[in-house]
Amino acid sequence: MQGQGDASASVTESPTGGRLRSVPVCKFTAKEPKGKTIMKKILIMNGPNLNLLGVREPGIYGKSSFESYLPTLRSEFADVTLEYYQSNIEGELINKLQEVGFSYDGIVLNAGAYTHTSVALLDCIRSLKSPVVEVHISNVHQREEFRHHSMISAGCKGVICGFGLDSYRLAVQGICNS
C-alpha cells in the first residue's frame, strides 16, 4: 500500500495581536489496488505509571489524564485511526507491539521507566515492520541523570520529549508525514 499526504497550514491573528500558525493536520489515507481508501492506523502505547497521568507528579506530567487528552488528539487526526493501549507490565507491552507491529502504519510509544532499562523492548522494536516513535511528556534531559539514556531510542524512527501531552501529537504528525 502507498500512502498519500495532504497537509495544509494557515496563519491567523491571535487575540493579543500576534500571529498564530496552525499545525498541518494529517490527511493521510492509503489506497488499496482496487481504489478503496483505507485510513492509516497508529497505536499510541503508554508504559508503567502513565495510567496515573493527572494525579502523578502534576508539576512534571501535567494535570490531565491521557484519556481526557485522547479525544482532542482523535479529532485533530480524524483521518487516522488512533488506538490506545496502556500497561504497567513489560511483557504485555512487548506482546502488544508484536501484535500490531507488522500491520499498523506506526506506533507512538511512551515506555515510561522501561525506556531506561529494557533491552527486551529494544529487541522487539527492532524486529517490527511498523515505525516506532519514542515519546516523553517531560524533557528527560532536564531530569535525573539516569533518565538521560534511552535503551529503546536506537530502534526508534525518532524521539520527541518535553512538550507535555503535545509530544503525542507531534509523534503522530511525524508518522503521518513519513
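# A predicted model: helices, strands and loops

Biologist: Which residues of helix H4 (residues 119–127) are buried?

Modeller: In this predicted model, helices are DSSP runs of H or I with at least four residues and strands are runs of E with at least two, both numbered from the N terminus. Buried means under 20% relative accessible area, exposed over 50%, and partly exposed in between, with a 1.4 Å probe and protein chains only. By that criterion the buried residues of H4 are Leu121, Leu122, Cys124 and Ile125.

Biologist: Why do the buried residues of H4 line one face of the helix?

Modeller: The arc is taken over the directions from the helix axis to the C-beta atoms. The buried residues line one face because, seen down the axis of H4, they fall within an arc of 165 degrees.

Biologist: What pLDDT is needed for local features and for side-chain atom pairs?

Modeller: Residues are numbered from 1 along each chain as its sequence is written, and side-chain values use heavy atoms, with hydrogens and water left out. For this predicted model, totals for chains, interfaces and linings use all residues, whereas local features need pLDDT of at least 70 and side-chain atom pairs count only at 80 or more.

Biologist: What is the mean pLDDT of the protein chain?

Modeller: pLDDT is the predictor's confidence in each residue, on a scale from 0 to 100. It stays under 50 over residues 1–25 and also over residues 27–32. Across the protein chain, 75% of residues reach 70 or more, and the mean is 82.

Biologist: Which elements are included in what covers the buried residues of H4?

Modeller: Cover is judged here by contact, that is, heavy atoms within 4.5 Å. The cover includes helix H3 (90–100), strand E7 (106–110) and strand E8 (132–136).

Biologist: Which residues are exposed on the other side of H3?

Modeller: The buried residues of H3 are Leu93, Ile94, Lys96, Leu97 and Val100. They cover an arc of only 165 degrees around the axis, which puts them on the same side of H3. On the other side, the exposed residues are Asn95 and Glu99.

Biologist: How many residues of E7 are buried?

Modeller: Gly106, Val108 and Asn110 point one way from E7, while Ile107 and Leu109 point the other way, and all are buried. E7 is therefore largely enclosed by the rest of the structure, its buried residues being five of the five.

Biologist: What is the handedness of the β-α-β crossover from E7 to E8?

Modeller: Two strands pair if DSSP finds at least two bridges between them; E7 and E8 run parallel and are joined by three. The term right-handed applies if, with the strands pointing away from the viewer, the path from the first strand over the helix to the second runs clockwise. The chain passes from E7 through H4 to E8, and this crossover is right-handed.

Biologist: Is serine 138 buried or exposed?

Modeller: Serine 138 lies in the loop between E8 and strand E9 (158–161). Its C-alpha is 9.3 Å from that of glycine 62, a residue 76 places away in sequence. At 9% relative accessibility, serine 138 counts as buried.

Biologist: Which residues does histidine 149 contact, leaving aside neighbours within four places in sequence?

Modeller: Histidine 149 is found in the loop between E8 and E9 and, at 48% relative accessibility, counts as partly exposed. Its C-alpha and that of threonine 117, 32 residues apart along the chain, are separated by 9.0 Å. Beyond those neighbours, histidine 149 is in contact with Thr115 and His116.

Biologist: What percentage of the residues of the protein chain counts as buried?

Modeller: The protein chain has five helices and nine strands. Among its contacts between residues at least 6 apart in sequence, 72% join residues at least 24 apart. Of its 178 residues, the share that counts as buried is 40%.
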